[in-house]
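Please look over the sequence and the structure shown here before reading on. The paragraphs below walk through selected parts of the fold.

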Amino acid sequence: MNSLLKIVTRIFFCSLAMTLVACGGGSDAGATQLESPAQSFMPGERLQLEAISSTYTGVSYPLNIYLPQNRNANKTYPVIYTLDAEWRFETIADSLDKNKMEVILVGVENYVDEGYQHRESYSQWPLAEDYFAFIRKELAPYIETQYPVNQADRTIIGHSNTGLFVGLALLMDDPQQPFFHRHVSFDGSFWAHTELTSQLVDDRRALNQTLKSRTILVGANGRVGNVVYVRKFDDWLERANFSQLDLTYLEYEQEHIPVVAHAVDEVLTTLYR
């Protein structure tokens, strides 16, 4: 009988000890618990939004958006506004997934007219001012009231004609409180008005020597490319010696169109290094 009582008592205390450990009741319980594994990266979701009309340019632009799936309700995210979205949105979104970057991507498609003349005209001076006003005063407020955007970390990306526009946007922005903080120009069409662009750089330098941006210029030196003119723009910015301008020039042995897909991984990892 005594032996049976001892066995029952032993089982009782063993069960109690196991319960305390499982419930965190022991003094060393915290040391025995394993931390929850970090949430694995989930590719972002991609959505087509309603087109947005502009009072500044007089046309409507179709929109796309990429949202990190593992987003936190209490967190805001860097945002990229990419122009030419009908051609570039998927390429950039794929790179964000590949490189596990939690960034919101807003794609702005073009107004389609004959020969994409609207795109070309509004990427150049002086109509670029109206396109820039549309982005800052109509597009961004529409997006940023609905999605968790970090308004202190905006990027604008363009290619070819819109790559020229990105360079102009860099010069047009407010010197003290710039709207965009990062600028990426893929093989920009800086041949469009070289003397004027050079003068705009000089005028911006005379206005204020501070240019707050991380800027990446990409040149394509294949058979078809704007590399000579991208180098010129890079030289003008270097010559101006702006303070707080983090300028990176990247050149690839690629043609004008494929350079975006070829360079995008390096560009994004450099941009957010």
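The model is predicted, so local features are given only at pLDDT of at least 70 and side-chain atom pairs only at pLDDT 80 or more, while totals for chains, interfaces and linings use all residues. Residues are numbered from 1 along each chain as its sequence is written, and side-chain values use heavy atoms, with hydrogens and water left out.

Start with strands β1 (residues 45-53) and β2 (residues 60-67), which run antiparallel and are joined by seven bridges. Strands here are DSSP runs of E with at least two residues, helices are runs of H or I with at least four residues, and both are numbered from the N terminus. Two strands count as paired if DSSP finds at least two bridges between them. β1 and β2 make a hairpin with six residues between them, and G58 in the turn has a positive phi of about 80°. Within this pairing, R46 stands opposite Y66 of β2.

Helix α3 (residues 85-98) comes next. This helix has 14 residues and reaches 19 Å from its first C-alpha to its last, close to the 20 Å expected at 1.5 Å a residue; the expected span is 1.5 Å times one less than the number of residues. Its buried residues are A85, R88, F89, I92, A93, S95, L96 and D97, where buried means under 20% relative accessible area, exposed means over 50%, and partly exposed lies in between (1.4 Å probe, protein chains only). An α-helix has 3.6 residues a turn, so residues three or four places apart point the same way. The buried residues of α3 pack against β1, β2, β3 (77-83), β4 (104-108), β5 (149-159) and α9 (259-271), with contact taken as heavy atoms within 4.5 Å. Just after α3, K100 takes a positive phi of about 55°.

How many salt bridges does the structure hold? There are 13, each defined as a side-chain nitrogen of Lys or Arg within 4 Å of a carboxyl oxygen of Asp or Glu. R46 forms one with E90, with the closest N and O atoms 2.4 Å apart. This pair links distant parts of the chain, since R46 is in strand β1 and E90 in helix α3, 44 residues apart. D94 also forms a salt bridge with R46, the closest N and O atoms being 2.8 Å apart. D94 is in helix α3 and R46 in strand β1, 48 residues apart. R46, E90, D94 and D97 are linked in a network of salt bridges. R46 counts as partly exposed because its relative accessibility is 28%, and E90 does so at 45%.

Elsewhere, the side chains of K75 and E102 meet in a salt bridge (3.4 Å, N to O). K75 lies in the loop between β2 and β3 and E102 in the loop between α3 and β4, so the pair ties together parts that are 27 residues apart in sequence.

In strand β6, five of its five residues are buried. R182, V184 and F186 point one way, and H183 and S185 the other. β6 pairs with β5 in the parallel sense over five bridges, with G158 opposite S185 in β6.

At 40% relative accessibility, W191 counts as partly exposed. W191, V228 and Y229 form a nonpolar patch on the surface, with about 280 Å² of accessible area together. Accessible areas come from the Shrake-Rupley method with a 1.4 Å probe, and for residues only the protein chains shown count as cover. Patches are made of residues with over 30% relative accessible area and no salt bridge; like charges are joined within 9 Å and nonpolar side chains (Val, Leu, Ile, Met, Phe, Trp, Tyr) within 5 Å.
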